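Me: Please go through the fold of this model with me, sheet and helices in turn.

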There are 2 protein chains.
Amino acid sequence: MIIIGEKLNGAIPVVAQAIAKRDGEFIRQRALAQAKAAQDEDYFEEPVPLYIDVCASTDPSVELETLKWMIDEVQAAIPDEMDNVAIAVDSPSASVCAEAFKFCKKPGIVNSVSMEKDAEGRIKTDIVFPAIADTDWGCIALLCESGIPQSVEDRMQVFDKIMAKAKEYGIAPSRLYIDPLVEAAATNQAAFTLFSECCKRIKDQYPDIHLTSGLSNISFGFPGFRKPLNMAFLALAMNAGMDSAIVDPTNKDMVGLMYAVELLKEQDEDCMNYISAHRQGLL
Amino acid sequence: MIIIGEKLNGAIPVVAQAIAKRDGEFIRQRALAQAKAAQDEDYFEEPVPLYIDVCASTDPSVELETLKWMIDEVQAAIPDEMDNVAIAVDSPSASVCAEAFKFCKKPGIVNSVSMEKDAEGRIKTDIVFPAIADTDWGCIALLCESGIPQSVEDRMQVFDKIMAKAKEYGIAPSRLYIDPLVEAAATNQAAFTLFSECCKRIKDQYPDIHLTSGLSNISFGFPGFRKPLNMAFLALAMNAGMDSAIVDPTNKDMVGLMYAVELLKEQDEDCMNYISAHRQGLL
């Protein structure tokens with residue numbers, strides 16, 4: 001599994017406060033905590049790939065400079081030896097993504113593109129893909145164009161458009177992290193069924209492509225039982241082919257379940273990640 | 001899901017003590033706690049079927065009388081209105097099963113048969129099946145004959161023999177709860193793969209048959225991370241077709257995950273069980 005660590009998002013109140021105060025120590029600590037939670041090079045045969053998601057969530061007029069500041073702090077906090085750790089640059093603005101990724105020392109992931117257009121009428125793929133084409137950057141792509149597609153077929157039509165754009169700009173499928181968009185089960189009883197069917201069709205067409213999702217959308221509208229739903233979703237989604245997740249790496253229940261599913265599905269060679277996670281006290 | 005409640009087993013030290021002292025109050029309380037945890041008729045549209053497993057785990061010479069005492073206590077504790085609650089009669093001796101089930105007021109489940117032979121050389125199916133044939137009793141059947149079969153094919157060969165016995169004695173597939181036997185993942189890395197493949201083949205042949213398993217075998221040998229493994233197994237096994245489980249109904253994490261998987265797989269009509277479980281404070 002590839003982990004995209006979600007804890008440095010300005011939408012989180014304590015993070016917004018740290019950003020407003022330019023509290024660099026806070027940013028550095030939160031970055032390091034996620035990095036330590038996801039791997040320990042003394043124990044893991046294979047360090048778990050971690051992308052620390054960095055999202056300013058500020059007024060657009062200051063977003064780029066805020067992202068730069070955050071990225072600088074994160075990079076200052078993560079030692080070079082942690083070579084499994086990189087950054088996911090997160091903005092609703094494709095233009096900001098296409099600038100901010102350059103602040104990173106090593107290739108990470110752009111979060112995200114879709115077939116949606118920005119205020120100038122340009123499709124997000126057309127802004128980001130050419131910017132990252134001659135790099136090793138990955139990119140999350142959401143299967144939406146105008147609102148959330150209601151059916152599997154509608155999602156797959158958007159997928160086909162995204163893959164056509166990827167081909168046009170020379171982005172290999174293995175660099176893409178497709179988020180089929182999972183709705184809240186409280187709103188749409190078929191939320192997981194739709195998600196799962198998309199995963200299967202996408203992996204059938206492109207075996208090397210990545211699949212990703214947030215793990216808490218599914219449980220919106222079920223206050224008090226979000227955790228069982230998020231955990232069930234994680235296990236079932238991994239079983240359907242999802243190989244990355246936007247998650248809190250310090251959430252031991254989630255990470256433990258992730259390792260456990262990998263072990264049972266024989267994706268964890270010789271149980272090494274699981275045993276190591278235990279020794280490290282992660283579980 | 002059908003729940004087989006595992007908390008009244010003499011192999012559990014506090015239960016053994018209660019049995020030795022003939023502490024009826026203990027047995028009654030533990031039975032009622034499981035029944036309450038699994039359902040609440042004021043909230044659930046559909047009460048969850050619960051079989052309270054009763055296992056004496058005593059010297060064979062006193063096992064039948066002990067089982068009778070335990071069954072009497074359980075039946076005294078469970079009000080008739082809880083009509084989703086019955087008993088699973090649990091003994092390693094098929095002869096004891098074939099006698100003890102008669103102590104129950106209403107049909108339950110015999111735990112269990114297999115193709116193994118008892119001390120007199122009689123196959124367990126040949127003792128239990130004729131005894132329950134003209135009743136509504138269900139029966140758990142383990143896919144073993146001499147030791148745990150090592151491959152999917154070996155397990156399926158035992159399965160075929162059991163189904164031939166069931167046909168011979170007039171036991172419809174819908175009365176059977178097949179336990180494909182899950183090994184510890186620490187011992188056999190392919191433990192879940194084997195289990196899952198058996199589930200699929202069994203359900204393909206007999207869509208109305210039930211599948212069951214304990215939820216803690218999988219994690220033997222991983223002290224300190226048994227819970228994530230057991231939970232991952234539960235979710236993945238349900239996804240593979242397992243529709244019943246031998247579990248502690250008072251374990252909120254497990255039961256919550258069970259409801260969550262049913263909801264996501266659209267097996268929980270209109271999210272009623274999940275919402276009800278929340279109102280009841282189960283989750």
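The questions and answers below concern a predicted model.

Me: In what order do the strands of the open sheet in chain A run?
Reply: The sheet of chain A is open and built from 8 strands. Their pairing is parallel. The order is 7-6-5-4-3-2-1-8.

Me: Which strands of chain A stand at the edges of the sheet?
Reply: An edge strand has a single partner strand, so one side of it is left without a neighbour in the sheet. In chain A this applies to strand 7 (210-211) and strand 8 (244-247).

Me: Which residue in strand 3 of chain A stands opposite A:Cys55?
Reply: Strand 2 (residues 50-55) and strand 3 (residues 85-90) of chain A pair in the parallel sense over 6 bridges. Opposite A:Cys55 stands A:Asp90.

Me: At about what angle does helix 5 of chain A run to strand 4 of chain A?
Reply: Helix 5 (residues 124-132) of chain A lies across strand 4 (109-113), strand 5 (138-142) and strand 6 (176-179) of chain A. Its angle to strand 4 of chain A is about 160 degrees.

Me: Is the crossing of helix 5 and helix 6 of chain B left-handed or right-handed?
Reply: The axes of helix 5 (residues 124-132) and helix 6 (residues 152-169) of chain B come within 10 Å and cross at roughly 35 degrees. The crossing is right-handed.

Me: How many charged residues has the contact of helix 5 with helix 6 in chain B?
Reply: B:Thr125, B:Asp126, B:Phe129 and B:Pro130 in helix 5 meet B:Ile162, B:Lys165, B:Ala166 and B:Tyr169 in helix 6. By class, the contact has 5 nonpolar residues and 1 polar residue, and the charged residues number 2.

Terms used. Residues are numbered from 1 along each chain as its sequence is written. Chains are lettered from A and ligands numbered from 1 in the order in which they are written. This is a predicted model: local features need pLDDT of at least 70, side-chain atom pairs count only at pLDDT 80 or more; totals for chains, interfaces and linings use all residues. Side-chain values use heavy atoms; hydrogens and water are left out. Axes are lines fitted to C-alpha atoms, for helices over the stretch in contact, and angles run from 0 to 180 degrees between N-to-C directions. Helices (H or I, at least four residues) and strands (E, at least two) are DSSP runs, numbered from the N terminus. A crossing is left-handed if the near helix is turned anticlockwise from the far one by less than a right angle, and right-handed if clockwise. Contact means heavy atoms within 4.5 Å. Ala, Val, Leu, Ile, Met, Phe, Trp, Tyr, Cys and Pro count as nonpolar, Asp, Glu, Lys and Arg as charged, and the others, Gly among them, as polar. Two strands pair if DSSP finds at least two bridges between them.
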